[in-house]
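Student: I would like to go through the helix packing and the sheet in this model. Please show the structure.

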Amino acid sequence: MGLRDDLDRYKEVGENRRQDLSEFIQYGDLGQSRRDEVKIPIKIIDLPEFEYDQRDMGGVGQGDGGTPEPGDPVGEPEPGDEDGEDGDPGEEGGEHEYYEMDPEEFAEELDEQLGLDLDPKGKKVIEEKEGDFTDLTRTGPTGTLDFERLFKKGLKRKLAMDFDRDYVRAALQIDGWGPAKVFEWARQQENLPVSRAWIESAYDELSGDERGVYATLEEMEADVERTSTAQRIRRDGIDQVPFRREDERYRYPEIIEEREKNVVVVNIRDVSGSMRQKKRELVERTFTPLDWYLQGKYDNAEFVYIAHDADAWEVERDDFFGIRSGGGTRISSAYELAKERLDEEYPFSDWNRYVFAAGDSENSSNDTEDKVIPLMEEIDANLHAYVETQPSGNAINATHAEEVQQHFGGSDDVAVAYISNPEDVTDAIYEILSTEEDNE
């Protein structure tokens, strides 16, 4: 196998493993991807090859006026080869190819890297289909009759009604014992499931010589060997099993509801004047992979994008990730709009709902406590999350995330994450998604 084959094999392995998603999420150019197509850059590696220098036609080991002497340094650079000297600066970036994956594959890769196992909930029923014939009903086609169950019911009744008929007939042969006396003895003393009608019929069948054979009960018991039900079945078998219509049950298929895994994701971002470029980049670097992930996890994913300063308005996805900043801050305006949109179009009974917000935690006075937190409690959602982006650390008036975290504490449907640089992004994503995983 040659070097070229090794390279092909190396590239195949590289494509299979792809680039580490954490590095891509933190530092990659996310703009190369769309919501439904994730493009992971792969560095192309040139294979070193041997070739002749066409300028030097001499043989191996030959020199022509430049033969080195002992003690000369080996590999001394040619003039102009020193870094930064006489050479043109590099203006071309490294060559890349892209490994394309759909959001479902991206979600699987992220699950594996972060150790997640989010199992989406299906809510809206889209199809009912027949499963195995495991349910029972009292009526149905003859072909679906559960005969095994019917037989067992009949056999159970047969065994419950069984008694030693020869033993009871012998009691009718005791002197002075008629049907009434034998019935009382059989039911009260012997606890035998015999009917009065059967005893009377058996008594009528006795001839005169068969009556009064035994003087006492003790004499009859000493002469007649009593057998158990098990002994009689082994000896005689079962000639008849009493089936009753009330025991009939008919099998029919279990109805399985196929539920579509619908999700609506409300993304909220602060675009007030304090949200400078670095803060905006951290918001985009967090929300973009979350969009890919949830789109890959659910059958049907819809997204609502809300921007806010002191007021809130809905925007398209491209505008959401490229919007500039200005104005004051009132975070509750975004939650008011989110609640309105969710209540109108995405009932919680039919939709999984996620509400993600991000900003620098700066908010107008008392807005978090008086309005945002109550709105978060009113909006039913699988998960609320707030991501604080403060590249320079906490500002004095950046208290929104802290207030939300203190209020909801260890709630299993509220997550708060803090990001100060790109290295924090994957940890924040894990914090958010692992909270939802625990909530499952």
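Student: Is the crossing in which H13 passes H14 left-handed or right-handed?
Tutor: This is a predicted model, in which local features need pLDDT of at least 70, side-chain atom pairs count only at pLDDT 80 or more, and totals for chains, interfaces and linings use all residues. Residues are numbered from 1 along each chain as its sequence is written, and side-chain values use heavy atoms, with hydrogens and water left out. A crossing is left-handed if the near helix is turned anticlockwise from the far one by less than a right angle, and right-handed if clockwise. The crossing of H13 with H14 is right-handed.

Student: At roughly what angle do the axes of helix H13 and helix H14 cross?
Tutor: Helices (H or I, at least four residues) and strands (E, at least two) are DSSP runs, numbered from the N terminus. Axes are lines fitted to C-alpha atoms, for helices over the stretch in contact, and angles run from 0 to 180 degrees between N-to-C directions. The axes of H13 (residues 367-378) and H14 (residues 400-408) come within 11 Å, and they cross at roughly 55°.

Student: Which strands stand at the edges of the sheet?
Tutor: The open sheet has six strands with mixed pairing, in the order E9-E8-E7-E10-E11-E12. Two strands pair if DSSP finds at least two bridges between them. Each edge strand has a single partner, so one side of it is left without a neighbour in the sheet; these strands are E9 (312-315) and E12 (414-419).
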